[in-house]
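The sequence and the model are shown below.

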Amino acid sequence: MTKTSAGRGTLFAALLALCATSSHALGIDYGYDSFKTPDAVSWVQLCGTWGKDHRGTYRVVHADQHAQSFLYVQWMTRDANGSLHAAHTASITELDNDHAEIALTDLSCRASPRGIVLTARATSGHDDKLRRVTIEVGPAPGQYRYRAQRTR
């Protein structure tokens, strides 16, 4: 191997490493901890109950950042003093990453026999079609089903 080809191999390896690093920066998932500051949180609602004897409550947290929505569902329990604590938090992965570019409006929550049902109007930064989003949550912690319908 000549000195020139060895130098090209090193340069090629460095470029591959740089490209690999850049590709990992795309598609970042935003966890619930990203929105502990109240300025990003735009909607919080307790909705429905979960668990044996319905002792737990669902809490839905909606946050806005970078012109898109982030949605989290928490399975809340009460401690001996009656204070609420999150036993489990689920990120709605279809929304909670920087490539989703989905903004939710008219968000509502209702109890269902198996958990809760969230509905919202959704607009996408990828196209101009309006959608209706339905998310069925529960009963197991972290369990949900996401559906989006085009409305036009």
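## Burial and overall architecture

In this predicted model, buried residues make up 29% of the 152 residues in the chain. Of the contacts in the chain with a separation of 6 or more, 40% are between residues 24 or more positions apart.

## Confidence

The chain has a mean pLDDT of 78, with 73% of its residues at 70 or more. Confidence is highest in strand E7 (residues 131–137), at a mean of 94, and lowest in helix H1 (residues 3–25), at 42. Across residues 7–26 the pLDDT is below 50, and this stretch has three contacts in the model beyond near neighbours in sequence. Where pLDDT is low, predicted coordinates should not be read in detail.

## The open sheet

Four strands form an open sheet in the order E5-E6-E7-E8, with antiparallel pairing. E5 and strand E8 (144–150) each have a single partner strand and stand at the edges, so one side of each is left without a neighbour in the sheet. From one strand to the next, the twist averages 20 degrees.

The pairing of E7 with E8 is antiparallel and extends over seven bridges. Among the residues involved, Glu136 has Arg145, in E8, as its bridge partner.

## The nonpolar core

The largest nonpolar core contains 22 residues, of which Leu71, Val73, Leu104, Ile116, Leu118, Ile135 and Val137 touch the most other members. Two or more core residues come from each of strand E1 (41–50), E2, E3, strand E5 (102–112), strand E6 (115–124) and E7. In soluble globular proteins, nonpolar side chains tend to be buried together.

Leaving aside residues up to four places away in sequence, Val137 touches Tyr58, Val73, Trp75, Arg114, Gly115, Ile116, Leu118, Gln143 and Tyr144.

## The aromatic pair

One aromatic pair is present in the structure. The ring centres of Tyr58 and Trp75 lie 5.6 Å apart and the ring planes meet at 65 degrees, so the pair is edge-to-face; the cut-off for that class is over 60 degrees. The pair links distant parts of the chain, as Tyr58 belongs to strand E2 (residues 56–65) and Trp75 to strand E3 (residues 68–78), 17 residues apart. Both Tyr58 and Trp75 are buried, and both are touched by Val137.

Methods
Residues numbered from 1 in each chain as written. Predicted model: local features only at pLDDT ≥ 70, side-chain atom pairs only at ≥ 80, totals over all residues. Heavy atoms only, no water. Phe/Tyr/Trp six-rings, centres within 6.5 Å; stacked < 30°, edge-to-face > 60°. Buried < 20%, exposed > 50% of the residue type's maximum accessible area, 1.4 Å probe, protein only. pLDDT = per-residue confidence, 0-100. Contact = heavy atoms within 4.5 Å. Core = buried A, V, L, I, M, F, W, Y, C linked by side-chain atoms within 4.5 Å. Pairing = 2+ DSSP bridges. Axes fitted to C-alpha atoms, helices over the stretch in contact; angles between N-to-C directions.
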